[in-house]
Amino acid sequence: MACNPLLLENFIYRKRNFVYSFVRHRLFVLCKQSLIRVQSAEGIKRIEISPKSNLKQLYDIVQNSLKVDGFGLFLERNFATELHASGSKLVGTSLKHGDMVYLKQIAGTSSRRASTTAMENIAFNSATIQSSDKISNTRPSNNIIEDEVDQQLFKSDGTIKRERDSKLCHHNANGRCVHCSPLEPYDESYLKEHNIKHLSFHSYIRKQTSGMDHGKYFVFDDINCRIKPGCREHPPWPKGICSKCQPSAITLNRQTYRHVDNVMFENTKIVERFLNYWRTTGHQRMGYLYGTYEQHADVPLGIRAKVAAIYEPPQESSRDSINICPDEGADDVDAVANALGLKKIGWIFTDLITKDASAGTVKQIRGIETHFLTAQECITAGELQNRHPNPCKYATNGNFGSKFVTICVTGDQTKQVHMEGYAVSAQCMALVRDNCLIPTKDAPELGYVRESTDKQYVPDVFYKEKDQYGNEVQRLARPLPVEYLLVDVPASTPLQPQYTFTEYDKRQAFPIENRYIDGHLQDFNALSNYLAAWAEEEFLEAISDFHLLIYLYKMDMLPLRQHMGPLLEAVRSKNPNKAADFKSEEVWKLLESLFQASSTGSGGTTSYPGGAAASAGNAGPDAMDLDANTWTCNHCTFINRGELNSCEICSLPR
């Protein structure tokens, strides 16, 4: 009789036994615990949780058990119905004992889940603040300084105001109903009605932070296409790789938002001056856009890039190509732009081929039947956007995406010159940053994702399209249509022109830098002739030219950069008194005397206004003898001694 309990115990707790399963189930019920199965790429994991726990606690337990970040839990195997990490919804209302949920790693531009330990020090004081201010408490980091326009939009209400409808609204003037209450900035019906194709970046953030948890688990995760370094469980690639260090496969999705919603050139003369090079030579041209970011009223919580000037770096161009050369003066250009309150906000290039010169028409090269941007241009845009990232408090590394825009000047359907604006997605930026995307040889509209080699591991990249039967199928991105990487940005000019710099009406503009053709060179004679065309009281208007200020800042004959602070401030604030004070300084009077010496030594008749001759007369007899016994080289503008017949610098004849 003593052996009967032992036999019964073996019978009850034997594996794969019905009685064992029944007893275990009853124990869980008595203990008020539920067993939830979580299926992931690494297998099935069993989680024990109370039915009275909320879904947020379920996410925390799954994260601690599986050691994963950036994931979502779904009820179906096809990831259709998602279980949101809500602090108010209980597990027992959505799941019962023994149910299976499916874990999906979020490999894309964003994720609503992140490490809970990284979010624990975020405080929510919802009892003492208004509902419109609750969003400000969801910021993962307060140490990141965002752009000024982002800070303004973050503090704004952002809702779309609606007037009272006389037919549908039956309340008084102070009341609100479903027909006149404000709409959220991401309202789909409003965006469709006003033909807004993409959400603004801040509208997208508001949409993701509009849940019960106010975006506590919302964060922009940076896409990683490289093997995580430091794994000691195997030899380094190509001898070994594991699931911990291997980057996840990427499925390309069309980006539903954009960082910049419109590009506005202050006036048409900015683009006309840029196109003059193509009209003169027939060669293509490239330049950087300098301007500011401001709020765009036509799009809810939108951002507009306002272009004030175009800087053309050193380049070698032809009818079909542009080769950008290293620019040693790029830092000087940025320094001048920063002093003027401007920053580099994009780049512009031409793709124009004349069709009929007499009619002024060009060929239509780009369109829906050919391509919008080539793969090489997308890679260049991705590289430039990586150089100019967008500071974002919701990003894990402090930066996400970019406000850097791409403008292509090409022919439209009417054979006229027009501008098209674009930006590449965050997925494209990651592929370009990790050197995974290359152009194809014969098809400009197709890119190609590299294959893994002994030196570099490249994850699988997929995109989805519809086949001939209308079914959505997944394709390997070898090759890849670049339309999956693009976000279009409208480009335009205002009806009422705006001018940050000089408005040229009848006067000749100062030449643009790095144009090595006749009539477009920046030299000392061009500077003297340009300033001679302006009256003395027009000094501020004459000096307010972006290309002229860069030339003065970089001039080697008379170093001015140490003295140009007051002048740049005068141009920025459009203060004629400060400009007059700079004109009376000793360094500018010295430049005026050089103008006078240059015109006298070269036998010219050009005279600089503002008393250049008087200043030369007040300099004394020694200065007059110096002017009479010197001559200025017409090629390099160097002032030589009178007895020389050739220039000391360039050795060219007098």
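Biologist: Which residues do ring pairs link into a cluster?

Modeller: In this predicted model, ring pairs join Phe201, Tyr204, Phe218, Phe220, Tyr257, Tyr394 and Phe400 into a cluster. Residues are numbered from 1 along each chain as its sequence is written. Local features need pLDDT of at least 70, side-chain atom pairs count only at pLDDT 80 or more, totals for chains, interfaces and linings use all residues, and side-chain values use heavy atoms, without hydrogens and water.

Biologist: How many aromatic pairs does the structure hold?

Modeller: It holds 23 aromatic pairs. Rings of Phe, Tyr and Trp (its six-membered ring) pair if their centres lie within 6.5 Å; planes under 30 degrees apart count as stacked, over 60 as edge-to-face and the rest as tilted.

Biologist: Why is the pair of tyrosine 290 and phenylalanine 546 called tilted?

Modeller: The ring centres of tyrosine 290 and phenylalanine 546 are 5.5 Å apart and the planes stand at 40 degrees, so the pair is tilted. Both residues, tyrosine 290 and phenylalanine 546, are buried (under 20% relative accessible area, with exposed over 50% and partly exposed in between; 1.4 Å probe, protein chains only).

Biologist: What makes phenylalanine 524 and phenylalanine 595 an aromatic pair that is tilted?

Modeller: Phenylalanine 524 and phenylalanine 595 lie 5.2 Å centre to centre, with 45 degrees between the planes, and the pair is tilted. Phenylalanine 524 and phenylalanine 595 are buried.

Biologist: What lies over the face of tyrosine 277?

Modeller: Arginine 285 does, at 4.2 Å from the ring centre. A charge sits over a ring if NZ of Lys or CZ of Arg is within 6 Å of the ring centre and within 35 degrees of the ring normal. Lysine 344 likewise lies over the face of tyrosine 288, at 4.3 Å from the ring centre.
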